[in-house]
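Notebook open, structure loaded. I want to jot down what I look up as I go, one topic per entry.

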Amino acid sequence: MTQVLSEVISVRHLWAGYEGENILEDINLSVRELDFVGIIGPNGGGKTTLIKVLLGLIEPQQGEVKVFGKSVQKGRKYLGYVPQFVECDRAFPITVWDVVKMGRLGKSSPQKDNEKVTEALGQVEILDLKDKRIGELSGGQRQRVYIARALATEPKLLILDEPTASIDPQVKSNIYSLLKRLNEFMTIIIISHDIGAISSYIKTVGCLNRRFHYHQGKSINLNLLERLYQCPVDLVKSL
Amino acid sequence: MIEALQFEFMQNALVAGILVSIACGIVGTFVVINRIVFISGAIAHAAYGGIGIGYFFQFNPVLGALVFSVFSALGMGWLQRKFKERADTIIGVMWSIGMAIGIILIDLTPGYKTDLMGYLFGSILTVSKDSLGIIFILDILIVLLAMLFYEEILAISFDETFAIIRNLPVEAIYLGLMAAVALTIVMLMQVVGLIMVIALLTIPAAISGQYVKNIKLMIIFSSLLGSIFTTIGLALSYRFNLTSGATIILVAGITYLISLGWKPIFLKFQDNTPHPKDNLGKKN
């Protein structure tokens, strides 16, 4: 393991929040290629805020964020984003195919678009659902649609915000094994408060509660978690 | 009934109804899926300010309404983007200010104001060949814009965050949509009047949205429904000597209410087909 994998995300002394209130305080983060990072932390700890900064949806108050060595606005085209849930999607008249095709926006050739959409749907194993209306799908199926949409953008890094919230455990572990397969050729950052579920898939864990505690490998201990959540944690076992 | 079609004004009215239904089907669909019905209603009423400007400065009030409503649409659209949920109060105020400007300017204009009621309550029977020409050009413009930017408008309508991350010009597309709403409203104004524009803009789209599975079909069905409503409304208003705009709106509104009641039955029927991939997870 002498090969040094390149840095895909670099965050230095980041402060961010909303309207004067700091949610993220002095965050430093470095994600290397082909890592599988799980970011855990309590609700309100700033997990989603961090993702928003990485995606350029909110501006940092201080600090520097680089995505693939570029500014967020330029680098985010390499990011595949899978949202927590998409509001107003159930009643929206749109087929699975058309949702995934949105991942091709801004790219040119129609022929390649169809190829990539088909490929993405194949990767998440829902090609046969392509003509279904999005509202007809179950939660797990819809989550796959959004993963496929992210894959259709041909990302180098996949960012998922609580991808398995409100999905039953069986489907959950299927989504995780899908991510594990994708991780063979793609860096992944996943946000979750479901520590137990993600622990056997991720390579690196970061704990976020305003401040960030980062661990190469999974050497996270109870002591740290307790400090992080500021209350006793007894759920953590398989780490 | 059929003999009515020999009158030129009836032919014009029929063509006007169908032409505005096309613009309505396109723009109304995006209004409904983007949930911008309120702001569209505000644009429609504020357009009265443009009518007043036209009367006062003695040029075509339709032209006044066109320019005024495009600007008020852009202003309201900008406010909506900037203040999100908190924008509704100020948009409501702009709606009233627009109307008030119109009323005051019309007060200040001497002489008898012909057609004034036509702008408020519609005057499809008096649509002239010239107006038809304007409607036709606006129609082509809206169809072209919709075809060119279909994917982009769809993307911001469905998931704006994703569109932003893909570096789409979200603001520009949204404001473009607002301008299209304004143009459509001015076309519709001549058919059903400013007061009732919002119904004809949204009802066809609201009905078809319940049954289709993509936006293209929603647009096509909305346009067809709009044409049917205006044609039936026109026929009924001719037969029973009723105000045409209001008759068209009633035909559309009653159909909408029926479709709301019928939808649960329709969905129940659809639900009989099981979703084979519900158990997808268990396969792996």
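Predicted model: local features only at pLDDT ≥ 70, side-chain atom pairs only at ≥ 80, totals over all residues.

**Entry 1: around L188(B)**

Skipping neighbours within four places in sequence, I find L188(B) in contact with V20(B), C24(B), V197(B), L200(B) and L201(B).

Next I looked up the largest nonpolar core, which has 149 residues. The members that touch the most other members are I43(B), A47(B), L188(B), V197(B) and L200(B). Helix α8 of chain B, residues 170-192, supplies the largest share of this core, with 14 residues. As background, nonpolar side chains in soluble globular proteins tend to be buried together.

**Entry 2: chain B as a whole**

I counted elements next: chain B has eleven helices and zero strands. Its radius of gyration is 20 Å, close to the 19 Å from the globule rule for 284 residues, so chain B is as compact as a globular protein of that length. Along the principal axes, I get a box of roughly 80 × 50 × 30 Å for the C-alpha atoms of chain B.

I also checked burial, and 46% of the 284 residues of chain B count as buried. Then I looked at contacts in chain B between residues at least 6 apart in sequence: 73% of them join residues at least 24 apart.

**Entry 3: Q210(B)**

Is Q210(B) buried, exposed or partly exposed? I find 16 C-beta neighbours inside 10 Å; buried needs 20 or more and exposed 12 or fewer, so Q210(B) counts as partly exposed. Q210(B) sits in the loop between α9 (197-209) and α10 (215-240) of chain B.

Leaving out neighbours within four places in sequence, Q210(B) is in contact with S259(B) and K263(B).

Over to chain A, where I looked at an open sheet of three strands. The order is β2-β1-β4, with antiparallel pairing. The edge strands are β2 (21-32) and β4 (62-67) of chain A, each pairing on one side only. From one strand to the next, the twist averages 20°.

How many bridges join β1(A) and β2(A)? I get eight, in the antiparallel sense, with β1(A) covering residues 7-18. One partner I noted is V31(A) in β2(A), which bridges to I9(A). A reminder to myself: strands of a sheet pair through backbone hydrogen bonds.

**Entry 4: helix α1(A)**

I then followed α1(A), which lies across β1, β2 and β4 of chain A and runs at about 120° to β1(A). Six of the eight residues of this helix (residues 47-54) are buried, so α1(A) is largely enclosed by the rest of the structure. The buried ones are K47(A), T49(A), L50(A), I51(A), V53(A) and L54(A). After α1(A) comes G56(A), which has a positive phi, near 75°.

**Entry 5: where A meets B**

Last, I looked up the contact between the chains. Chain A puts in 27 residues and chain B puts in 25 residues. On the chain A side, the elements giving two or more residues are β5 (79-82), α5 (139-152) and α6 (169-182). Of these, α6(A) gives the most, with four residues.

How values were computed: Residues numbered from 1 in each chain as written. Chains lettered and ligands numbered in written order. Contact = placed C-beta atoms within 7 Å. Core = buried A, V, L, I, M, F, W, Y, C linked by C-beta atoms within 7 Å. Rg over C-alpha atoms; globule rule 2.2 N^0.38 Å. Pairing = 2+ DSSP bridges. Axes fitted to C-alpha atoms, helices over the stretch in contact; angles between N-to-C directions.
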